[in-house]
Amino acid sequence: NWTSGMLKMFTLLTYKLLVIPTNFLVRSQFALVVVHMQLVLQFAKDEGITLGGAHSAQVLLARDTRPTGEYLLDVATKGISAIVGSVALDMGILTTPQLHWMVRNKNRGLKASEADYFTQITESFRHLLELTPDDKGIDELNEKLIVDGANGIGGLKLEQIKPNLARLDILVRNSGKEGEGILNERCGADFVQKEKVLPLGFGPNDVGVRCASFDGDADRLVYFHVTSPSKTSVDLVDGDKILSLFVLFIREQLDIINGKDNKGLLPTRFGVVQTAYANGASTEFLKNLGLEVVFTSTGVKYLHKKALEYDIGVYFEANGHGTVLFNDDFVSRLESLTARLSEAAGSPQKQAALRLLATSQLINQAVGDAISGMLLVEAVLQHKRWSFQNWCDLYTDLPSKQLKVKVKDRTAIVTTDAERKVCQPSGLQELIDKEVVNYSHGRCFVRPSGTEDVVRVYAEASTVEAAESLAKSVARHVERILGFC
């Protein structure tokens, strides 16, 4: 069973071999095939995958609701079928995280159908709600939640499981039903997070109601609040604050089991992984909790790999893509501890251990998942009896500004320290440092874009104006040194 990354490489390699006519196998195309083969071989080595011999491979495929889906599925199936020993399995119309979950379960010898996915997340959500303490206050939490489905597949899947979600009244807008809206058009997590305005279909009547937004393939999640009947701006809860909420909840359960010195029944290495784009206020908040916070280069593949080093590793990007990873050995120790703990009614340690086990089942440990992430958010808010405002008040984000600078050669920028420092060209980092010291709570870094021929500039400061000024000052240095394009 191959991961999606290996699928992409093998499919692309096979496609190259199939579509290049024998009389037109030019050197550049052949070189590209060789490079792809080297990537595949290195991936197989890193993942311990045996190639060739009697081993067969199953490649799981799925599509979303876009008109191009059937064609792309057919092309991918043909490419996979051309690989000796491989079998393509059409899993149907799914969210991206559902497919990742299925691959993970297949590789572990576990049930891996869509029905199994729905059963696991709804049952673990129900279990978490049942473990909510009775002494958390007498006021009922507002159970209403409006979800922006970005006119993608996530909204449709959420509609399917709504009837099975107790203590949660969900209304789905931009649901993706046929003929109702365009994918990600003025809606979705990316739109809300970047623009900080209401998505399509939301308005004055939603003031005071908790709202969430998925992206088109449902692997990102952000929350927001309509601030005023007369304004289109929103109070945003992005990936940094979702991470902080999860961290607080998990830390609370570990403290109940172990005590605050973490030397009790279940010693745990608990780590938080962020990128340079994480708001500085969130990083300070997490460090003040005494947590181990580490940084990686931008990209989920780096975050996920680092989080795997911990007993419990949590990562999120500000855009709302992230998850919680539980080490297999830790889960085994947790299950063993749960079996040993007292069955006495109200045993705090047993209840905390059961909550952690339910969390490990609810969250999608293969990849960021808007649906399972949303259910964990809702369970934690109910557990803590928190309103949306309580959540917002965890800390105040520092104002930030991002700019793109067109340059002659973006690869001239070489970074270190998880992309937070420039080591080439010489002298640029010193100029950035001189600018930063002029601003209260100033922070700035530059990095070459991985997708565009530009250099990205990110700046933070105590005010919006200061953040913009810092970003522009650093951008001018980048233009001068690298040459404006």
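Accessible areas here come from the Shrake-Rupley method with a 1.4 Å probe, and for residues only the protein chains shown count as cover. This is a predicted model, in which local features need pLDDT of at least 70 and side-chain atom pairs count only at pLDDT 80 or more, while totals for chains, interfaces and linings use all residues. Residues are numbered from 1 along each chain as its sequence is written, and side-chain values use heavy atoms, with hydrogens and water left out.

Start with the whole chain selected. Its accessible surface comes to about 22900 Å², and 51% of that belongs to carbon and sulfur atoms. Of the 485 residues, 51% count as buried (under 20% relative accessible area; exposed is over 50%, partly exposed in between; 1.4 Å probe, protein chains only). Colouring by secondary structure gives 16 helices and 16 strands (DSSP runs numbered from the N terminus: helices H or I, at least four residues; strands E, at least two).

Next, select residues 96-107, helix H4. Show side chains: Pro97, Gln98, Leu99, Trp101, Met102, Val103 and Asn105 are buried. Their cover includes strands E1 (57-63) and E2 (86-93) and helices H5 (114-130) and H6 (153-161). After H4 comes Gly109, with a positive phi near 70°.

Finally, move to helix H2 (residues 27-47) and pick Leu41. Leu41 is partly exposed, at 45% relative accessible area.

Key
Contact means heavy atoms within 4.5 Å.
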